[in-house]
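Trainee: Could you pick a single part of this chain and take a close look at it for me? Please then connect it to the rest of the chain.

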Amino acid sequence: MENAHLRLGLLEYVRITEKATTRIRLRVDRYIGEDRQAHLLSVFGNDSDVGAITAAVHEKATFNLAFPDGTARDVSLGEHSSCYKGAVTLPDRKHPVRHLLAVSQELHTNGSAGRTILLRYRREEAWATLVSFLGLPADPSWADHILGVVEQKKRIEEIDGIGCAPVLISATTEEILEWIRQGLRAGALNFPENAGPILWPRHSLREVLLPLPISA
């Protein structure tokens, strides 16, 4: 992919022991975080480096993260984070590239405590996610009205990201149920005319993970 390196961040981990100092650097293709709290970290490299970063995540280590724009920040995934490892086979490489996806406890239980983190903000996608994570009785056609209320109340916050444009939506199940009730009473929302299953729009993972355009 042309100029793909301009979309990547750089993760650096330094481990100091009595006998040696180890410095590991890996490229970051996806990241979501709030200040020093990392929620999602996607890196790739060789076996030993990915293994070392995996161990460091479980040890609640702090990493230095450089963003594509040159800014840097110390981040950590905190306690009870989860790691998922895989391999990517490339045609011009003898050995596969190792991939690590690390997820914070909060992202693993996304939607709990009235905080929902999204890779990007699209009303249709955001509404489907909120309904699924919060267990709401709802219809796809209600997206514009309810997300309009959420936007008006300034409950959507842009957070740090690499390779995505993540947002945090702060809204509890009880709050959204109240907004639904108000919308139904005001006639802004309507129940489906026919009984039966509700069909929600589908979005492929590839579509959601498409890289952002590079700013000039």
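**A close look at serine 82**

Mentor: Setting aside neighbours within four places in sequence, serine 82 is in contact with Leu101, Ala102, Val103 and His108; contact means heavy atoms within 4.5 Å. This is a predicted model, in which local features need pLDDT of at least 70 and side-chain atom pairs count only at pLDDT 80 or more, while totals for chains, interfaces and linings use all residues. Residues are numbered from 1 along each chain as its sequence is written, and side-chain values use heavy atoms, leaving out hydrogens and water.

Serine 82 belongs to strand β6, residues 82-88. Strands (E, at least two residues) and helices (H or I, at least four) are DSSP runs, numbered from the N terminus. Serine 82 counts as buried because its relative accessibility is 19%; buried means under 20% relative accessible area, exposed over 50%, and partly exposed in between, with a 1.4 Å probe and protein chains only.

In the loop between β5 (72-75) and β6 sits histidine 80. Histidine 80 has a relative accessible area of 58%, so it is exposed. Its phi is near 55°, a positive value in a residue other than glycine. Most residues other than glycine have a negative phi. Lysine 154 also has a phi near 55°. Lysine 154 lies in the loop between α4 (143-152) and β9 (156-158), and is exposed because its relative accessible area is 72%.

Leucine 41 is one of the residues that touch the most other members of the largest nonpolar core, which has 22 residues. A nonpolar core is a set of buried Ala, Val, Leu, Ile, Met, Phe, Trp, Tyr and Cys residues joined through side-chain atoms within 4.5 Å. Elements giving two or more residues to this core include β3 (37-45), α1 (47-58) and β7 (97-103). Apart from it lies another core of 21 residues, among them Val131, Trp142, Val150 and Ile176. In soluble globular proteins, nonpolar side chains tend to be buried together.

For the chain as a whole, the secondary structure comes to six helices and eleven strands. Of its 216 residues, 36% are buried. Among contacts between residues at least 6 apart in sequence, 59% join residues at least 24 apart.
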